[in-house]
Amino acid sequence: IMLSGNPIIRTFGHICSPQKSDLERNVREFHLHEIIVTIMDNMDETLKQNIVAEITEHAKAGEVLYLASGGSSISVTIAVVNALPPEVRARLTFTLTDERYGKVGHTDSNWRQLLAGGLDLSGITTLPVLSGAATSIEATATLFGDRLMKLFAKKPYVIALFGVGADSHIAGILPESPAAQEKERPVVAYHAGEYERLTITPQIF
């Protein structure tokens, strides 16, 4: 699991000497911000290198399935996938752990944000959550769940990259949500905050 950088920066910034003057506090927060950003950048690069090596190694023996998240892990996913050579891409299937429901390609979708960030999916088999093949959020969840389980049935090597949101959600699973409590279905849909979410559940594993 990769921890999100921004919440860490904000948390440490808030802790820094809250009783000091604004000037002193801002100076201390600035330097801490720089330190944390440097640490997170180094973590991202190390994580990228490790995942690229893992995918490359397992692609020599068979198919690989990459489950990507949105939010804090987008930059790592883009860096990982864009670094893969053609022979590895030919054995990779790329999909998401979760998605915000809406029309295919809507502004807030994780898939669109990945592509807008420069994700190169050329030569890779893709399985977007939003395909336009279903007419409701529940039908979309069922369809994606069925397609995902068919992929799992082929027994690929699975790599999943999860971020942790500021509200503690992992994939699209919020604490105490229907997704967290699901006991049977691999993918569920539910409303949370400003989004209708589609997400894998712990049952997927």
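**Entry 1: N110**
I started with N110 and found it in helix α5, which covers residues 110–116. A reminder to myself: this is a predicted model. Is N110 buried or exposed? I looked up its relative accessibility, which is 3%, so N110 counts as buried, the cut-off being under 20%. Next I asked which residues N110 touches, leaving aside neighbours within four places in sequence. I noted G70, G71, L96, D98, E99 and R100 as its contacts.

**Entry 2**
I moved on to strand β8, residues 187–192. Five of its six residues are buried, so I wrote down that β8 is largely enclosed by the rest of the structure. Then I checked how β8 pairs with strand β9, residues 195–200. The two run in the antiparallel sense, and I found six bridges between them. For Y190, I traced the bridge partner in β9 to R197. I also saw that β8 and β9 form a hairpin with two residues between them. In that turn, G193 has a positive phi of about 65°.

**Entry 3: positive phi outside glycine**
Now I was curious about residues other than glycine. K155 has a positive phi, near 55°. I located K155 in the loop between α6 (137–153) and β6 (157–160). Its relative accessible area is 74%, so K155 is exposed.

E176 was my next stop: its phi is positive at about 65°, although E176 is not a glycine. Where does E176 sit? I found it in the loop between β7 (163–164) and α7 (178–181). With 68% relative accessibility, E176 counts as exposed; the cut-off for that is over 50%.

Key: Residues numbered from 1 in each chain as written. Predicted model: local features only at pLDDT ≥ 70, side-chain atom pairs only at ≥ 80, totals over all residues. Heavy atoms only, no water. Buried < 20%, exposed > 50% of the residue type's maximum accessible area, 1.4 Å probe, protein only. Helix = DSSP H or I, 4+ residues; strand = E, 2+ residues; numbered from the N terminus. Pairing = 2+ DSSP bridges. Contact = heavy atoms within 4.5 Å.
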